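Please examine the sequence and the model below.

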Amino acid sequence: PGDVVVLNNTKVIKARLLATKSSGVQIELLVLEDHNNNDPLARKVMYRGNLKTEDRLTIDNAVISVTQ
């Protein structure tokens, strides 16, 4: 009655990243392959918490801007 099953066409690759938001909060990112996209560099990212389009994440020395 209240159960939901969700199927998708992604899989987790061995890419767990720890990023730091500009506020100093640390966030864990899981990078997924996107099998519905023909671009071999296309990836989706899963995370816990809230991200906004203006957020900037730092991973080591790289700064990443959140777009969607």
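A polar contact is a pair of N or O atoms within 3.5 Å; within protein, one of the two must be able to donate a hydrogen and the other to accept it. The model discussed here is predicted. In this model, a polar atom of the Asp55 side chain lies 2.8 Å from the backbone nitrogen of Lys52.

Asp55 belongs to the loop that joins strand E3 (43-47) to E4. Is this residue, Asp55, buried or exposed? Its relative accessible area is 13%, and because buried means under 20%, Asp55 counts as buried. Leaving aside residues up to four places away in sequence, Asp55 touches Lys21, Asn50, Ile64, Ser65 and Val66.

Val66 leads on to the largest nonpolar core, which has seven residues: Ala19, Ile27, Leu29, Leu51, Leu57, Ile59 and Val66. Strands E2 (26-34) and E4 (56-59) each contribute at least two residues to this core. In soluble globular proteins, nonpolar side chains tend to be buried together.

The loop between E4 and strand E5 (62-65) holds Asp60. Asp60 is exposed, with a relative accessible area of 72%. Although Asp60 is not a glycine, its phi is positive, at about 55 degrees. Most residues other than glycine have a negative phi.

Note on methods. Residues numbered from 1 in each chain as written. Predicted model: local features only at pLDDT ≥ 70, side-chain atom pairs only at ≥ 80, totals over all residues. Heavy atoms only, no water. Core = buried A, V, L, I, M, F, W, Y, C linked by side-chain atoms within 4.5 Å. Buried < 20%, exposed > 50% of the residue type's maximum accessible area, 1.4 Å probe, protein only. Helix = DSSP H or I, 4+ residues; strand = E, 2+ residues; numbered from the N terminus. Contact = heavy atoms within 4.5 Å.
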